[in-house]
Amino acid sequence: INGDVGKEIRVFSRYVSILSVGVKKSFGELMNYTVFQLYDEFQRFTLKMQYDMYIKARLAGAKNLKEVEDWTKDLHDKKNKK
């Protein structure tokens, strides 16, 4: 059990680190988020990054790209779970 808890803490600290750079929020501010808030913001950030890269590639002339998910979708709608 202790191994799993440590792993979860490392995952969330990684989320905080990534988000602090990606959305320009302080590490301290993000550390005050609940687990739900942190996971929600990380999911949204990931979807937005994928969308932005997709658009940049399309504008550069890339073809046959895999469609990306709508980054504005309802993250908590059970139909959207993958």
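**Note on the salt bridges**

1. Glu-69 counts as partly exposed, its relative accessibility being 28%. The model under review is predicted, and the values quoted here should be read accordingly. The side chain of Glu-69 joins that of Lys-73 in a salt bridge, with an N to O distance of 2.3 Å. Lys-73, for its part, is buried, with a relative accessible area of 16%; the cut-off for that class is under 20%.

2. Three salt bridges are counted in the model. A second one links Glu-41 and Lys-25 through their side chains, at 3.2 Å from N to O. Glu-41 belongs to helix H3 (residues 35-59), whereas Lys-25 sits in the loop between helix H1 (2-22) and helix H2 (27-31), so this contact ties together parts 16 residues apart in sequence.

3. The two partners of that contact fall into separate accessibility classes. Glu-41 is buried at 17% relative accessibility, while Lys-25, with a relative accessible area of 25%, is partly exposed.

4. The remaining bridge is formed by Lys-48 with Asp-52, whose closest N and O atoms are 2.6 Å apart. Both residues lie in helix H3, and because they are four residues apart there, about one helical turn separates them.

5. As to accessibility in this pair, Lys-48 has a relative accessible area of 27% and is partly exposed. Asp-52 is likewise partly exposed, at 25% relative accessibility.

Technical notes:
Residues numbered from 1 in each chain as written. Predicted model: local features only at pLDDT ≥ 70, side-chain atom pairs only at ≥ 80, totals over all residues. Heavy atoms only, no water. Salt bridge = Lys/Arg side-chain N within 4 Å of Asp/Glu carboxyl O. Helix = DSSP H or I, 4+ residues; strand = E, 2+ residues; numbered from the N terminus. Buried < 20%, exposed > 50% of the residue type's maximum accessible area, 1.4 Å probe, protein only.
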